[in-house]
Amino acid sequence: MIRHLVLFKLNEGVQRDDPRVVEGVRAFEPLGDLIDELRFWELGWNVSDRPIAYDFAINSAVDDTDALRRYLEHPAHQAGVALWREFATWVIADYEI
């Protein structure tokens with residue numbers, strides 16, 4: 001199984017209640033039910049106020065690298081990514097569990 005972990009950092013001056021951010025979160029929320037490859041799906045806002053902390057996280061799991069590729073290419077995932085590109089940067093880790 002592959003863990004797919006994504007940490008998002010909002011761009012300078014962008015707040016959680018920005019309508020673009022709200023739309024971006026809403027785009028990602030249902031993916032766990034929409035994309036068959038996802039075996040685990042959770043997301044949420046960071047609760048830490050440490051300056052090095054990222055703002056938002058997605059923690060998911062898929063069966064293997066082929067399933068990860070299908071998830072990443074899924075139109076619903078791609079639509080969410082397109083939204084987030086407008087107001088955030090992110091880092092990703094994919095590792096076996």
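Helices (H or I, at least four residues) and strands (E, at least two) are taken here as DSSP runs, numbered from the N terminus. The model is a predicted one, in which local features need pLDDT of at least 70 and side-chain atom pairs count only at pLDDT 80 or more, while totals for chains, interfaces and linings use all residues. Residues are numbered from 1 along each chain as its sequence is written, and side-chain values use heavy atoms, with hydrogens and water left out.

Asparagine 11 lies in the loop between β1 (2-10) and α1 (19-28). Its relative accessible area is 29%, so asparagine 11 is partly exposed; buried means under 20%, exposed over 50%, and partly exposed in between (1.4 Å probe, protein chains only). Leaving aside residues up to four places away in sequence, asparagine 11 touches Glu86, Phe87, Ala88 and Thr89, where contact means heavy atoms within 4.5 Å. The C-alpha atoms of asparagine 11 and arginine 85 are separated by 9.8 Å, although the two residues are 74 apart along the chain.

From C-alpha to C-alpha, glutamate 29 and glutamate 42 are 8.2 Å apart, with 13 residues of separation in sequence.

The aromatic rings come next. Rings of Phe, Tyr and Trp (its six-membered ring) pair if their centres lie within 6.5 Å; planes under 30 degrees apart count as stacked, over 60 as edge-to-face and the rest as tilted. By this rule the count is nine aromatic pairs. In one of them, tryptophan 41 and tyrosine 71 have ring centres 6.1 Å apart and planes at 65°, so the pair is edge-to-face. This pair links distant parts of the chain, with tryptophan 41 in strand β2 (residues 40-45) and tyrosine 71 in helix α3 (residues 65-73), 30 residues apart. Both tryptophan 41 and tyrosine 71 are buried.

Phenylalanine 56 and tryptophan 84 have ring centres 5.2 Å apart and planes at 25°, so their pair is stacked. Here too distant parts of the chain are linked: phenylalanine 56 is in strand β3 (residues 56-62) and tryptophan 84 in helix α4 (residues 75-84), 28 residues apart. Phenylalanine 56 is buried at a relative accessible area of 3%, and tryptophan 84 is buried at 0%. Ring pairs join both residues to Phe8, Phe28, Trp45, Phe87 and Trp90 in a cluster.

Strand β3 also holds serine 60, which counts as buried at 1% relative accessibility. Not counting residues up to four places away in sequence, serine 60 touches Ile2, Arg3, His4, Leu38, Phe40 and Trp41.

Two helices remain to be described. The axes of α3 and α4 come within 5 Å and cross at roughly 60°; axes are lines fitted to C-alpha atoms, for helices over the stretch in contact, and angles run from 0 to 180 degrees between N-to-C directions. The two helices are therefore oblique to each other (under 35 degrees counts as roughly parallel, over 145 as roughly antiparallel, 65 to 115 as roughly perpendicular and the rest as oblique). Tyr71, Leu72 and Glu73 of α3 make the contact with Pro75, His77 and Gln78 of α4.
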